[in-house]
Amino acid sequence: GTALDFGDVGDKTTSQVLGAPATYTTPFTNHVRVRSSGPYSVQLSSANGYKMTFPGGNLGTATNVLNYQTSFLGQTKSAASPMFNTVTCLRAGVPASETDMLPITATLLEGGQGKLVSPNYSDYLTVTVTPLLSGAPSQQNCPAL
């Protein structure tokens, strides 16, 4: 998918970021596209536990990280609550007209002021889509979540 980019926030305070969450939330047009001939499950994980850092940065050092949260399939995950519950989805369809578009957004939780200067703070989100047998229980309309 596309990068969930907050732009340059090096001069922003945490108060500024928290005071204008819509300004520091990625567009609602970001999505994961799924085509399937049967039900499927979806899992989400973060390489850094929902913290962005720069190459060589220490995730345990506050001046090396920017905390954020992500919303996906009805769940909001952050460093404080990182465990994503697997979601089982209804058949998406195979033709492009039946493709599931699963929206994903990210919201910055702190500003970059006082952090070590780096041109790139990042994290990697991994979305795992697994095909299931047609009788899989608890199937949901995932694009509606």
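User: Hi! Is cysteine 142 buried or exposed here?

Analyst: Hi there! This is a predicted model, and in it cysteine 142 counts as buried, because its relative accessibility is 1%, and the cut-off for buried is under 20%.

User: Okay, and which cysteine does cysteine 142 form a disulfide with?

Analyst: Its partner is cysteine 89, and the two sulfur atoms sit 1.9 Å apart.

User: What about cysteine 89, buried or exposed?

Analyst: Cysteine 89 is buried, with a relative accessible area of 0%.

User: Nice. Is that disulfide left-handed or right-handed, and why?

Analyst: Left-handed, because the torsion about the S-S bond is about -90 degrees.

User: New topic! How many residues are in the largest nonpolar core?

Analyst: There are 26 residues in the largest nonpolar core. Tyr40, Phe72, Leu73, Leu102 and Leu108 are those with the most contacts inside it.

User: Which elements give two or more residues to that core?

Analyst: Five strands are on that list: β1 (31-34), β2 (40-46), β4 (65-72), β6 (87-89) and β7 (100-108).

User: And which one gives the most?

Analyst: That would be β7, which gives four residues to this core.

User: You mentioned Phe72. Which residues does phenylalanine 72 touch?

Analyst: Leaving out residues up to four places away in sequence, phenylalanine 72 touches Val32, Val42, Leu44, Phe84, Leu102, Pro103, Ile104 and Val127.

User: Where does tyrosine 50 lie?

Analyst: Look in the loop between β2 and β3 (51-53). Tyrosine 50 counts as buried there, at 1% relative accessibility.

User: What about the phi of serine 138?

Analyst: Serine 138 also isn't a glycine, and its phi is positive, about 60 degrees. You'll find serine 138 in the segment after β8 (125-131).

User: Is serine 138 buried or exposed?

Analyst: Serine 138 is exposed, because its relative accessible area is 59% and the cut-off for exposed is over 50%. Tyrosine 50, by contrast, is buried.

User: Thanks, that helps!

How values were computed. Residues numbered from 1 in each chain as written. Predicted model: local features only at pLDDT ≥ 70, side-chain atom pairs only at ≥ 80, totals over all residues. Heavy atoms only, no water. Core = buried A, V, L, I, M, F, W, Y, C linked by side-chain atoms within 4.5 Å. Buried < 20%, exposed > 50% of the residue type's maximum accessible area, 1.4 Å probe, protein only. Contact = heavy atoms within 4.5 Å. Disulfide = S-S within 2.5 Å.
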